[in-house]
Amino acid sequence: MEHESKPLLFDSDNTGAIYTETAAVIDDICNQNVVINTDEALPRTKVYKRRWYILVVFSLCAMSQGGSWNIYGPISATTENAFDWKDSDIALLAAWGPISSILSTLPFIWLIEKKGIRVASLLATFLVLLGAVVRCLTTDPSFVTWTSNIGQFLNGLGGPIAFGAPPVLSALWFPANERTTATALNSVLSSLGPGLAFILGPYFVPLRDCHDNKTVQKRSSIFIGSIMHNCTNQTGIKAERTDIHSYMIYYLCFVGAAFLLMLVYYPTKPKLPPTLSASVGRLDFSSGITVLLRNVKFWLIFVTFGLSQGVFGCWQGVLDVILKPHNISENEAGWLGFYSLIAGCLASLVFAKFSDIFTRHMRLLLLLLYICSSGCFVWFIFLVEGVIYSSTFMLYASIIMGTMFLSSTLPLFFEMACEAAYPVPEGTTNLLMICGCNVSGVIFLAIQMIPNIGTKWATWCMMGCIVSCIPVLAFLKERYNRLEVDEITIDS
């Protein structure tokens, strides 16, 4: 019986145009299936138990990168006092993450294509380790600004792998019905880095009672009182610098341990692929970029993801600064950021598993999550602006719920982009997604560094970016190219 093959990557938006490279590969697979009831009709696939260990090792390295990026934000008040920094200095330290990530995106795309995920991941983690070493060199105010900025720049160079490679790992090691869940789990564990920084930062670097150096209590002698206050203040500043240096050393040890784990065992890929699509060759670097440039669906996903997630991620990174005018302490802001990230992590796993079970509904799920997140942040704005009655509980609830809904969209965006862009390699697709995210983040942080601009605009900007994505998601047409390859069956 003759088997008639049909191109699986039909693009209804381009009058019958298809990706010829992949269509040829798939047609070849289908044509090989003329003989049925043989084990050689399709490429052999196998799912390895060690995939979970590989995921944890990568997640630890990604966690170290994310935590390093957020290492100064939760202790901004202490560092500003210890080193005489301003809010703009904290914003610059956070900005190095997206800035340097943009610079390293294309080199890492090429490296994953040519050398594989192991080499790319090891290089990224080594850059994070090198940045951690530089941050520990000194706490001398004459040099610490330079070492801190250089350390954050080096750490940011590893960002494209830390946040863009989880879908690559999922495609290499996990079956189709676990891919979105694996990407979500990877993103969840990676997000624990910035989340733990909200807690560990204020714990290891507490805010000391030596910050009011503008006024001096009136004593019987103004001169003696000033000397006493100055001595107390200088002692407190030295203690703060010691706390900061110790905190940086602790984090250096964690990064070093993660790097050693990856160095010992972290293979490029399994001996046998977990899915049929994983066994099909991807486009090379130049061809992949060319195909993406013509893929309208990918660019709609790219803009939606980059605009909303880039601005929101940087908004979270300076949450302590944004909430300062609303009498939210550094410690409170730290716990608020931590609870928000934990809620987002748990929601990511739930919605990712839902997406794996009920396939081909990612767009509707994203639309629902964005609407819910917008509602929560409108609530937050009304609270801080005094439009409605505000309480600590309501403030916590609005931020935590808004972050939970928005953070849970990350794995869905990654997987939907891979489906729309296939046969472009997952590394190319998602590292470009992260690059777009970083571009919008850099613009957001650059605006924040404008003198005397304040912080009120930041929340309105973040809110506008999220709401503007809802119409795009409402009318976006989905395409599941990769899933169709995995669902190929043999007619008996």
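Predicted model: local features only at pLDDT ≥ 70, side-chain atom pairs only at ≥ 80, totals over all residues.

Q: What volume does the largest pocket have?

A: About 560 Å³. A total of 25 residues line the largest pocket, and the closest to its centre are Val168, Leu172, Lys269, Ala278 and Arg282.

Q: Which elements give two or more residues to the lining of the largest pocket?

A: Those are α4, α8 (166–173), α11 (276–279) and α19. The largest share comes from α4, with 5 residues.

Q: And how is empty space found in general?

A: You roll a probe the size of a water molecule over the atoms, and that shows where empty space is left. A pocket is open, whereas in a cavity the probe fits but cannot get out.

Q: How many cavities of 30 Å³ or more are there here?

A: The count comes to 7. The largest cavity has a volume of about 720 Å³. Its lining is made of 36 residues, with Trp69, Phe163, Gln309, Gly313 and Leu410 the closest to the centre.

Q: Which helix gives the most to the lining of the largest cavity?

A: That's α13, with 8 residues. Other elements that give two or more residues to this lining include α2 (51–69), α4 (87–115) and α9 (179–204).

Q: What does the lining of the largest cavity look like by class?

A: It splits into 18 nonpolar and 18 polar residues, with no charged ones.

Q: How about the second largest cavity: what space lies in it?

A: About 100 Å³. The second largest cavity is lined by 13 residues, and Thr180, Thr359, Met362, Glu419 and Leu483 lie nearest its centre. At least two lining residues come from each of α9, α15, α18 and α22 (481–486). By class, its lining has 4 nonpolar, 3 polar and 6 charged residues.

Q: Let's zoom in on one residue. Where does threonine 304 lie?

A: Threonine 304 lies in helix α13, the helix that gives the most to the lining of the largest cavity.

Q: Is threonine 304 buried or exposed, and why?

A: Threonine 304 is buried, because its relative accessible area is 4% and buried means under 20%.

Q: Which residues is threonine 304 in contact with, leaving aside neighbours within four places in sequence?

A: The contacts of threonine 304 are Tyr370, Phe413, Cys469, Val472 and Leu473.

Technical notes: Residues numbered from 1 in each chain as written. Heavy atoms only, no water. 1 Å grid on protein atoms, 1.4 Å probe; cavity = no way out; pocket = protein on both sides within 12 Å on 5 of 7 lines; lining within 4 Å. Points joined across faces, edges and corners; volume = space filled by probe spheres on them. Helix = DSSP H or I, 4+ residues; strand = E, 2+ residues; numbered from the N terminus. Nonpolar A, V, L, I, M, F, W, Y, C, P; charged D, E, K, R; others polar. Buried < 20%, exposed > 50% of the residue type's maximum accessible area, 1.4 Å probe, protein only. Contact = heavy atoms within 4.5 Å.
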